Amino acid sequence: MATRSTESEVSDLAKQLDDEIDNFMSELADRPGRTPYKDGFSEDNWEKEMEKIPFFMTKAPDRTDMMEVSPAMAALQALKYEDENPDVRAVNYKDDGNELFKKRDYHGAIVAYTEAIDCQPADDSITCILYTNRASANFHIGNLRSSYNDARRALKLNSHHMKAIVRVATCCHKLKIYDEAVRWCDCGLKINETEKNLLNTRKMASTAKRIQERDKCKLEKEQTRKQLKHSQLIQAIAERGIKLHNARVKDVSLEELEGYSPTGATVNIDENSDLHWPVLFLYPEHSQSDFISQFHEHTSFIDQLKIMFPDDISQGPSWDTDKKYRVDNFSVYLEDKIARKLHEIDMSWTLLRVLQLPACTVTAGTPSFIVLVKGCKFHEHFLNKYST
């Protein structure tokens, strides 16, 4: 008949077994040629190691954590994507994408959804959701055109998929395709007339469309006005017989009439059909110049120069240190660059009369004239350059 061991005997036996196990493990570790297992649990790392075992995980791993995935996790992942059923594989990738999307890792989500789509699931409803989800991820990183295309692909599989309709309508609004945005909103509201996203998008797109149409109308009117003004201007120049450098007047564009001024001043025609020209006066003795943005064609040179050089010499230009630049001392010349000649201008003549001279050719839409002081040495020296 067996006798029951006392509590003391049981304790002694347990201690003996612990000692035998410790001795065995020590001998095993000390055997020649054996490499100890370095990745085992310890008091310092057991929590971290447990977290690597899928069954004991307390949270899904980040993509950065996957760089040093444990063997157990790698095996489980392999099993997850080795299913022969493409629908199952696609759903697994989709679930990964959803987790990444929740963490705002939109690039990672796009990769996962693309892997799922590449599985070519047989169930169109799964593919529809995948395209819609990828459209959302693309939208969040600003890939509006890709988001639009994915949403359209989803709607080809299910034309009533509300999330895809909302997404494509929103993309159209962001892409400023307001007509299409309104059409998609109307399409979705036929399915659910209370869908708030579509109601809001439709309101914004309709308002933006009206503004766009108004701006387009204003632009068209402005272009028409400019074209009419251009035609009137070209006709006025042609009727006056004014020659333009390297261009036939009837073929000239407004760009070819742009002057040298940084202000962008160009010849223009007023309500009385009179021309106003940008004009450049050159003072070669002092390497100076004056730019007149609006020289009326019926204004004489003497009247224009009196505005620029008043009788009070104290108000003259700072570079005129000798105070000799007075209108009654001036000789004004037109340079014929082709013939390399100077033609003196009667200062009582108007700008129009000078522009109609055979020797006058307007370059870059800006007539230019040379102003010299009569009787000075520079005057004589400058004229001699053109006589040789």
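Predicted model: local features only at pLDDT ≥ 70, side-chain atom pairs only at ≥ 80, totals over all residues.
The protein contains 13 helices and six strands. Of its 388 residues, 35% are buried.

The buried residues in H5 are Tyr106, Gly108, Ala109, Ile110, Ala112, Tyr113, Ala116 and Ile117. An α-helix has 3.6 residues a turn, so residues three or four places apart point the same way. The cover over the buried residues of H5 includes helix H4, residues 86-102, and helix H6, residues 124-140.

The backbone on either side of this helix also deserves attention. Arg104 lies in the loop between H4 and H5. Although Arg104 is not a glycine, its phi is positive, at about 65 degrees. With a relative accessible area of 67%, Arg104 counts as exposed because this value is over 50%. After H5 comes Gln120, whose phi is likewise positive, near 55 degrees.

Helix H6 contains Asn138. This residue has a relative accessible area of 7% and is therefore buried, the cut-off being under 20%. Apart from its neighbours within four places in sequence, Asn138 is in contact with Ile110, Asn143, Ser146, Ser147 and Asp150. Of these, Ile110 is one of the buried residues of H5.

Two arginine side chains lie over aromatic faces. Arg167 is placed over the face of Phe139, at 4.5 Å from the ring centre. Arg145 is placed over the face of Tyr148, at 5.5 Å from the ring centre.

The next topic is the pairing of aromatic rings. A pair of aromatic rings is described by the distance of the centres and the angle of the planes. The model has 14 aromatic pairs. In one of them, the rings of Tyr283 and Phe309 have centres 5.8 Å apart and planes at 80 degrees, so this pair is edge-to-face. Tyr283 belongs to strand E2, residues 275-283, whereas Phe309 lies in the loop between helix H11, residues 301-308, and strand E4, residues 330-336; the pair therefore ties together parts that are 26 residues apart in sequence. Both Tyr283 and Phe309 are buried.

Phe309 also pairs with Phe330, again edge-to-face, with 5.0 Å from centre to centre and 80 degrees between the planes. Because Phe309 lies in the loop between H11 and E4 while Phe330 lies in strand E4, this pair ties together parts that are 21 residues apart in sequence. Phe330 is buried, as is Phe309. Ring pairs link these residues into a cluster made up of Tyr283, Phe309, Trp319, Tyr325 and Phe330.

Rolling a probe the size of a water molecule over the atoms shows where empty space is left. The model holds one cavity of 30 Å³ or more. The largest cavity has a volume of about 60 Å³. Phe309 and Tyr325 are among the residues that line the largest cavity. Its lining also includes Pro310, Ile313, Gly316, Pro317, Asp320, Lys323 and Arg326.

Phe295 lies in strand E3, residues 288-296. Its relative accessible area is 0%, and Phe295 is therefore buried under the 20% cut-off. Not counting residues up to four places away in sequence, Phe295 touches Leu275, His276, Trp277, Val279, Phe281, Ser300, Phe301, Gln304 and Leu351. Phe295 and Thr350 are 55 residues apart in sequence, and their C-alpha atoms are 10.0 Å apart in space.

Ser287 is found in the loop between E2 and E3. The phi of Ser287 is near 50 degrees, a positive value in a residue other than glycine. Its relative accessible area of 68% is over 50%, so Ser287 is exposed.

Technical notes: Residues numbered from 1 in each chain as written. Heavy atoms only, no water. Buried < 20%, exposed > 50% of the residue type's maximum accessible area, 1.4 Å probe, protein only. Helix = DSSP H or I, 4+ residues; strand = E, 2+ residues; numbered from the N terminus. Contact = heavy atoms within 4.5 Å. Phe/Tyr/Trp six-rings, centres within 6.5 Å; stacked < 30°, edge-to-face > 60°. Lys NZ or Arg CZ within 6 Å of the ring centre and 35° of its normal. 1 Å grid on protein atoms, 1.4 Å probe; cavity = no way out; pocket = protein on both sides within 12 Å on 5 of 7 lines; lining within 4 Å. Points joined across faces, edges and corners; volume = space filled by probe spheres on them.
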